[in-house]
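Please take a moment with the sequence and the 3D structure before reading on. The paragraphs below are meant for someone who meets this protein for the first time.

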Amino acid sequence: SSEKIVPKRVLLKISGEALLGEGSYGIDPKVANAIVSDIANVVKSGVEVCLVIGGGNIFRGMTAASKGIDRVHGDYAGMLATVINAIVLHNVLEQHHIESCIMSAIDIPQIAENYVRNKAISHIKQGRVVIFAAGTGNPYFTTDTAAALRAIEMGCDIMLKGTQVDGVYDSDPKNNPDAKRYDTITYSEALIKELNIMDATAFSLAQDNKLPMIVFNVHKEGNFENVLLGNGVCTRVVA
Ligand code: UDP
């Protein structure tokens, strides 16, 4: 049917880049505030929200490796970068009176709870936003993979990837003014067309577990709620 069903439990993945704002490094508190404001509205509407935050605004293992840093060391630095972002988001959520907690895949007990699946589920059921930090806890992975993994573990109805563009295009909209955005695409179509939605590990995890995904622009005010309600501009990726 064409009836729109609002998901009950969702996971929002925000790239580190999304927090940059005008800067080229770190976190722009104004941007963090704008994104959290949208998250707060979705939480207040009764949707259970999980968050995975990237670290690319601070450190990326692969980029460092191309400049001579050992990949594994670089990846650990990248994972800690996601913890820095999580600390800031946690505080901004607090300022918006949204209860939240950080669960880290790398144990840093002074700063975050250790990630334990059952405890995370229990936090969500108590109405808290759980911020999953430190990615998967393993080098050679990405926070996109962490997002797909946690979304599946938490039993989320859908994963949302908040990006700087309005969805998935047939070519890069920054270079090609005629680039076409897909409204809906299947994982297998995306694979055949080599659309580079996520890295291969994240992609296969989502596809194999039939986790639907929405790719949308996280910088448009109210967009998170709109795409959940089926109104916003985005691309739906389905199994
Ligand atoms: N990372 C990792 N394992 C993970 C998740 C992340 O080693 O499970 C490291 C990796 O070096 C990565 C960095 O953390 O480059 C930041 O994450 P990501 O690049 O996914 O952030 P985003 O691009 O979303 O900002």
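What follows moves from the whole protein to its sheet, then to the ligand and to one residue of a helix.

This is a predicted model, in which local features need pLDDT of at least 70 and side-chain atom pairs count only at pLDDT 80 or more, while totals for chains, interfaces and linings use all residues. Residues are numbered from 1 along each chain as its sequence is written.

The protein has 8 helices and 9 strands, where helices (H or I, at least four residues) and strands (E, at least two) are DSSP runs numbered from the N terminus. Its radius of gyration, taken over C-alpha atoms, is 17 Å, close to the 18 Å that the globule rule (2.2 Å times the number of residues to the power 0.38) gives for 239 residues, so the protein is as compact as a globular protein of that length. Along the principal axes, the C-alpha atoms fill a box of roughly 50 × 45 × 35 Å.

The 9 strands form an open sheet of mixed pairing, in the order β4-β3-β5-β2-β1-β6-β8-β9-β7, and two strands count as paired if DSSP finds at least two bridges between them. At the edges lie β4 (113-114) and β7 (184-186), each of which pairs on one side only. Strand β1 (residues 9-14) and strand β6 (residues 158-163) pair in the parallel sense over 5 bridges, and the bridge partner of I14 in β6 is G162. Helix α1 (residues 29-44) packs on the sheet and touches β1, β2 (48-53) and β5 (129-133), a contact being two C-beta atoms, placed from the backbone, within 7 Å.

Which residues come nearest to the ligand? Of the 25 residues around the ligand, these are G54, G56, G61, G78 and G135, and a residue is near if its C-beta atom, placed from the backbone, lies within 6 Å. The elements that give two or more residues to this shell are α2 (61-65), α3 (71-95) and α5 (143-153), and the largest share, 6 residues, comes from α3.

Helix α5 also holds I152. Not counting residues up to four places away in sequence, I152 touches L205, N209 and L211. The C-alpha atoms of I152 and D199, 47 residues apart along the chain, are separated by 17 Å.

Terms used
Axes fitted to C-alpha atoms, helices over the stretch in contact; angles between N-to-C directions.
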